[in-house]
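The sequence and the coordinates are shown first, and the description follows.

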Amino acid sequence: MQEAVEVINAGAEASVVLVCEHASRDIPAHFDGLGLEAAAFESHVAWDPGALSVARRMSDELDAVLVAGRVSRLVYDCNRPPEAPGAMPAQSEIFAIPGNATLDEAARAERVKRYYEPFRATLAATIKRVDAPVIVTVHSFTPIYHGRPRAVEIGILHDSDTRLADAMLAVAADHTDLKVERNEPYGPQDGVTHTLKEHGLVHGHPHVMLEIRNDLITTEAEQQQMGEVISNWLRAALERPEMSDAMKDARP
């Protein structure tokens, strides 16, 4: 297991490749906690609470490989390119990140080399081993952001390739009372589709990003149930005729 990335269910046989970039809030000891106050470390700014457990359940349900980050996104956000300010943020929502405030180019480059590049390379290699890969990234979001409540419960996000998002939205509309929305609470304009673009869009692989409001997945039982529900949506979406054609086109 590498310091920056973990591959779960590596021998899986499904075409789905699950990704959880913000799976962990771990901050390696040599960063001295990035100078964070306790409230920041406990909050969603350090990771995506519940997302890894949901992704693990999906991995089991779908027999899908899962690539997960092993450090806090405050150390390096693996869903951001190195040049993005949010890759190593000095401020995240209401919290200052002192350990990122004075990073010079050498320090930034070291984090890229130590955390981003291994994650990126491992994900790329994992996708390459899968026949007709379908990339699904799993995230969670806070129900209150900058003091404003969010009504959306599940977001289905995409960049310029809408195929899998369209199919999942169509399935969800027929199978749930949850408030499911397209490109909410974030969208491409917020810089959140880096993994989709880097590993899906440029290669023509179908892909989608899932955002789950984290108050819906606070317990293990809720996380397991959500993983099952979304796995069922994904199965049904991939069985739609338009997705069957897309997956055939994706094969080399």
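## Burial of Ala-55

In this predicted model, Ala-55 has a relative accessible area of 0%. Because buried means under 20% relative accessible area, Ala-55 counts as buried. This residue belongs to helix 2, which covers residues 51-62.

Leaving aside residues up to four places away in sequence, the contacts of Ala-55 are Leu-18, Cys-20, Leu-66 and Val-138. Ala-55 and Met-226 are 171 residues apart along the chain, yet 9.4 Å separates their C-alpha atoms.

## Helix 2

Helix 2 consists of 12 residues and spans 16 Å from its first C-alpha to its last, close to the 16 Å expected at 1.5 Å a residue. Its buried residues are Ala-51, Ser-53, Val-54, Ala-55, Met-58, Ser-59 and Leu-62. An α-helix has 3.6 residues a turn, so residues three or four places apart point the same way.

The packing partners of the buried residues in helix 2 are strand 1, strand 2, strand 3, strand 6, strand 11 and helix 6. Just after helix 2, Asp-63 adopts a positive phi of about 55°.

Seven strands form an open sheet in the order 1-3-2-6-11-9-10, and their pairing is mixed. Strand 1 (5-8) and strand 10 (180-182) are the edge strands, each pairing on one side only. On average, neighbouring strands of this sheet are turned by 20° against each other, direction ignored.

Four bridges join strand 1 to strand 3 (residues 65-69) in the antiparallel sense. Val-7 has Val-67 of strand 3 as its bridge partner. Helix 3 (residues 105-128) packs on the sheet, where it touches strand 1, strand 2 (16-20), strand 3 and strand 6 (134-141). The direction of helix 3 makes about 175° with that of strand 3.

In soluble globular proteins, nonpolar side chains tend to be buried together. The largest nonpolar core here has 37 residues, and among those with the most contacts inside it are Val-16, Met-58, Val-136 and Leu-164. At least two residues of this core come from each of several elements, including helix 2, strand 9 (154-157), strand 11 (207-213) and helix 6 (220-239). Helix 4 provides the largest share, seven residues.

Leu-164 touches residues that include Val-134, Val-136, Pro-206, Leu-234 and Met-243, not counting residues up to four places away in sequence. A second, separate core contains 31 residues, among them Val-5, Val-19, Leu-74 and Phe-95.

Technical notes:
Residues are numbered from 1 along each chain as its sequence is written. This is a predicted model: local features need pLDDT of at least 70, side-chain atom pairs count only at pLDDT 80 or more; totals for chains, interfaces and linings use all residues. Side-chain values use heavy atoms; hydrogens and water are left out. Two strands pair if DSSP finds at least two bridges between them. Axes are lines fitted to C-alpha atoms, for helices over the stretch in contact, and angles run from 0 to 180 degrees between N-to-C directions. Contact means heavy atoms within 4.5 Å. Buried means under 20% relative accessible area, exposed over 50%, partly exposed in between (1.4 Å probe, protein chains only). A nonpolar core is a set of buried Ala, Val, Leu, Ile, Met, Phe, Trp, Tyr and Cys residues joined through side-chain atoms within 4.5 Å. The expected span of a helix is 1.5 Å times one less than its number of residues.
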